[in-house]
Amino acid sequence: KVVRGVRRSDGVRCALKILNERAMENARVVYEEIATLQSLRHPNICAVMGAYNKNGVITIVMELLEGQPLLDHIVELGAYSEAQSRDTAKTLLGAVTYMHERGVVHRDLKPENIVYAKAYHTGAAAASDSGTLKIVDFGLSKWLGHDAAGGAPVKDGMVTPRRESATPRGPASSATPRGSATPRGGRGGRP
C-alpha cells in the first residue's frame, strides 16, 4: 500500500510505499528497484528518499507525486498540439537517455508509468501549474549487462516480450512493443 507521510527531520511531504517482505514471492526484486531508483537523480524520474526494513516490513520513502497518468491528462485536455507532443517526447527522451547513460533500462515504459504530476519538495507545490512529467514503476528495470532471465517479476500476468525471448537486452527494451511511450498527438485531436 502507499500512504502519504511527512519526513520528521524537515517536514517534507512524501509517499510511503509499505510492503510486507514475508508476503512477497521475491523480495530481491523490490531491493533491486530501490537500488535502481536510489542511483537515479533526475527531475523527470520519481525520487526515492530512503528505504527501511523493520521486522520484515519494507518502507520505501518516495517523492510525493499528485497528478494523473499522462494518457489521462491528454484525454482530459481534449486535444494535444504538435508542440505539446514534441515537448513531452523531448522530456521523456531526456530522462530515458539519462537512465541509459547510467546503465539502467526501464523495460516497462508506457503511458501508465508516466505521471503528469505536481511534486512536493518543501510542503508547497514545486512544479508549475502545468505539472511535471515523472517516470515511475521501476519494478521491471534492469542494469545493462545483467542476465535478467527469470529475474523480472510478472505484473498482472504480463511480461515484456524481451523477457520471454532470448533477445539480448539493451536500451531498446525500455520501449513498449508498440515502439513508443510518447503520446499520440501532433494533429491537435484526441489521442
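Let's start with Pro 69, which lies in strand E4; strands (E, at least two residues) and helices (H or I, at least four) are DSSP runs, numbered from the N terminus. The model is predicted, so local features need pLDDT of at least 70 and side-chain atom pairs count only at pLDDT 80 or more, while totals for chains, interfaces and linings use all residues. Residues are numbered from 1 along each chain as its sequence is written, and side-chain values use heavy atoms, leaving out hydrogens and water.

**The overall picture**

- The protein's secondary structure comes to four helices and eight strands, which follow the pattern β-β-α-β-β-α-α-β-β-β-β-α along the sequence.
- Of the 191 residues in the protein, 40% are buried (buried means under 20% relative accessible area, exposed over 50%, and partly exposed in between, with a 1.4 Å probe and protein chains only).
- Among contacts (heavy atoms within 4.5 Å) between residues at least 6 apart in sequence, 65% join residues at least 24 apart.
- The protein exposes about 10500 Å², and carbon and sulfur atoms supply 52% of that area (by the Shrake-Rupley method with a 1.4 Å probe).

**Around Pro 69**

- Pro 69 counts as partly exposed, because its relative accessibility is 30%.
- Setting aside neighbours within four places in sequence, Pro 69 is in contact with Pro 111, Glu 112, Ile 114, Val 115 and Tyr 116.
- Pro 69 and Lys 134 are 65 residues apart in sequence, and their C-alpha atoms are 9.4 Å apart in space.

**The nonpolar core**

- The largest nonpolar core has 28 residues, and Leu 40, Ile 45, Ile 60, Leu 70, Met 99, Ile 135 and Phe 138 are those with the most contacts inside it (such a core is a set of buried Ala, Val, Leu, Ile, Met, Phe, Trp, Tyr and Cys residues joined through side-chain atoms within 4.5 Å).
- At least two residues of this core come from each of helix H1 (27-39), strand E4 (57-69), helix H2 (70-77), helix H3 (82-101), strand E6 (114-120) and strand E7 (132-135).
- H3 gives the largest share of this core, five residues.

- H1 has 13 residues and reaches 19 Å from its first C-alpha to its last, close to the 18 Å expected at 1.5 Å a residue (the expected span is 1.5 Å times one less than the number of residues).
- Ala 27, Val 29, Val 30, Glu 33, Ile 34, Thr 36 and Leu 37 are the buried residues of H1.
- These buried residues pack against strand E2 (13-20), E3, E4, strand E5 (104-105) and E8.

**Strand pairing**

- Strand E1 (residues 2-6) and E2 pair in the antiparallel sense over five bridges (two strands pair if DSSP finds at least two bridges between them).
- Val 3 has Leu 16 in E2 as its bridge partner.
- The hairpin of E1 and E2 has six residues between the strands, and Gly 11 takes a positive phi near 75 degrees there.
- E2 and E4 run antiparallel and are joined by seven bridges, with Leu 16 opposite Val 61 in E4.

**Positive phi outside glycine**

- Asn 55, in the loop between strand E3 (48-54) and E4, has a positive phi near 55 degrees.
- Asn 55 counts as exposed, because its relative accessibility is 60%.
- Asp 137, in the loop between E7 and strand E8 (142-143), has a positive phi near 60 degrees.
- Asp 137 is partly exposed, with a relative accessible area of 26%.
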